Amino acid sequence: MAAGSGVAESLPLEAPVPTELPPEAGAGARAEVRDAIEAGARAEVGAAGVPRIEVAPVDPHASPDAVLVRRTMAEIAPVADQVTSYFYSLLFVRHPDLRGLFPVAMDAQRDRLLKALLTAAEHMDSPAVLTGYLRQLGRGHRKYGTQAAHYPAVGEALMGALSRYAVTSWDDETEDAWVRTYTTISQIMIDAAAENERHAPAWWQAEVVSHELRTSEIAVITIRPDQPYPFRAGQYTSLETPWWPRVWRHYSFASAPRPDGLLSFHVKAVPAGWVSNALVHHAVPGDVLRLGPPAGSMTVDHSTDNGLLCLGGGTGIAPIKALIEDVAEHGHRRRVEVFYGARSDQDLYDIETMLRLESEHPWLAVRPVVAEGPTQGLTGQLPEAVRDYGPWHEYDAYLSGPPGMIRSGLDALKGAGIPSERIRHDSLEELVAAAN
């Protein structure tokens, strides 16, 4: 997901069952694993239905371990779907007790774990970017019941899958590099979870207090946590519903922290989105949800006088609204320029709220950008509209929306002269690309 977007749910696609399971698996275990994979295996996929493993260009200054890790990544990229399935086959067969940590709907929780580990391993030479991400990951895994003792099992399955499919590049030296890399990754996550456990619960219970349908597919949902919930405007959390236990999805907060402690989210029901459809079409006041810890770095730096240039697409306008409230509450009259993208005028579901905020704050400008049909605002694509205005040299940029919008918006903002370090969003892969 691009976590900074209002909702992040990918279409579930079946991952292929590995053609050969581990030899230690008996017939019953083989059938159980095969059934589990067929029932719940999901992958973050490209156009051909294969999990994407992006391999970074060769860096002449890379550490020896990074060179070996990237060589492995390049070899397994064409067979990433098989690596994914085999990894979980090994994990569940050798450690069946861990199967309970993964829900039947494993599309986000399961395959993204391996994707996150591989991405982090490939970019261990970028500690400034990855340490914060891994610490968030470690804190967030507490809600699944993950313990420090589980990490060696995951590492064992990772090495087993890599050694099986990286047949050309795998040797003792490469294995040692992966062991060192995984040890560093897992220790950061373990330490973050242990530190977080001292002052925060693994999850919060929260009651739905209001449910407002803005369109047939978008709802604004407000909840009341059972205890104080600390977060910052621009961050996101994970939600679990009673209809799909142990299935979590990320949603951005749609407001800055409020005195009454209530939290709001903008949720769009997406095709095959189990959690989003439950929240939009089934949730009613009185229902109880669970929240994971807050996460995300798309927050306002109040130590600078730079303006804010905000690009929000679809329900990605939710955290942008929270950033505006945050600036207003700090009383710092900085320029805030918002480009609100949608396919048509009908998709500008929160435009009245945004225009009301614009009327209340003279330092705020809101420009709707519509891709199709006649409109009261600008016509075209969001990145092109941003390029037509400016200059933006004295602005910090914030991106929130679908992954494609984040990628094109990042290119547009760099082209407009905004340095990468002043562009904020919460897609790990894009953050790594920006850091590089």
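**A covered strand and its sheet**

Reply: Start with strand β3, residues 236–240, which is mostly covered: five of its five residues are buried. Buried means under 20% relative accessible area; exposed means over 50%, and partly exposed lies in between (1.4 Å probe, protein chains only). Strands are DSSP runs of E with at least two residues, helices are runs of H or I with at least four, and both are numbered from the N terminus. The model is predicted, so local features need pLDDT of at least 70 and side-chain atom pairs count only at pLDDT 80 or more, while totals for chains, interfaces and linings use all residues. Residues are numbered from 1 along each chain as its sequence is written, and side-chain values use heavy atoms, with hydrogens and water left out.

On one side sit Tyr 236, Ser 238 and Glu 240. On the other sit Thr 237 and Leu 239. Both faces are covered.

Next, the neighbours. Two strands pair if DSSP finds at least two bridges between them. β3 runs antiparallel to strand β4 (residues 248–252), and five bridges join them. There, Tyr 236 stands opposite Ser 252. β3 also runs antiparallel to strand β6 (residues 288–291), this time with two bridges. Glu 240 has Arg 290 of β6 as its bridge partner.

Contact here means heavy atoms within 4.5 Å.

There is another open sheet of six strands. Its pairing is parallel and its order is β10-β9-β8-β7-β11-β12. β10 (378–379) and β12 (423–424) stand at the edges with a single partner strand each, so one side of each has no neighbour in the sheet. β9 (residues 364–370) pairs with β10 over two bridges. Val 369 has Leu 378 as its bridge partner in β10. Helix α10 (residues 351–360) lies across β8 (336–342) and β9, at about 155° to β9.

Helices can be covered too. In α3 (residues 80–94), 13 of 15 residues are buried. Asn 196, in helix α7 (residues 172–197), is buried as well, with a relative accessible area of 7%. Leaving out residues up to four places away in sequence, Asn 196 touches Arg 139, Arg 142 and Pro 201.

Finally, the whole chain. It has 13 helices and 12 strands. Of its 436 residues, 56% count as buried. Among contacts with a separation of 6 or more, 74% join residues 24 or more positions apart.

How values were computed. Axes are lines fitted to C-alpha atoms, for helices over the stretch in contact, and angles run from 0 to 180 degrees between N-to-C directions.
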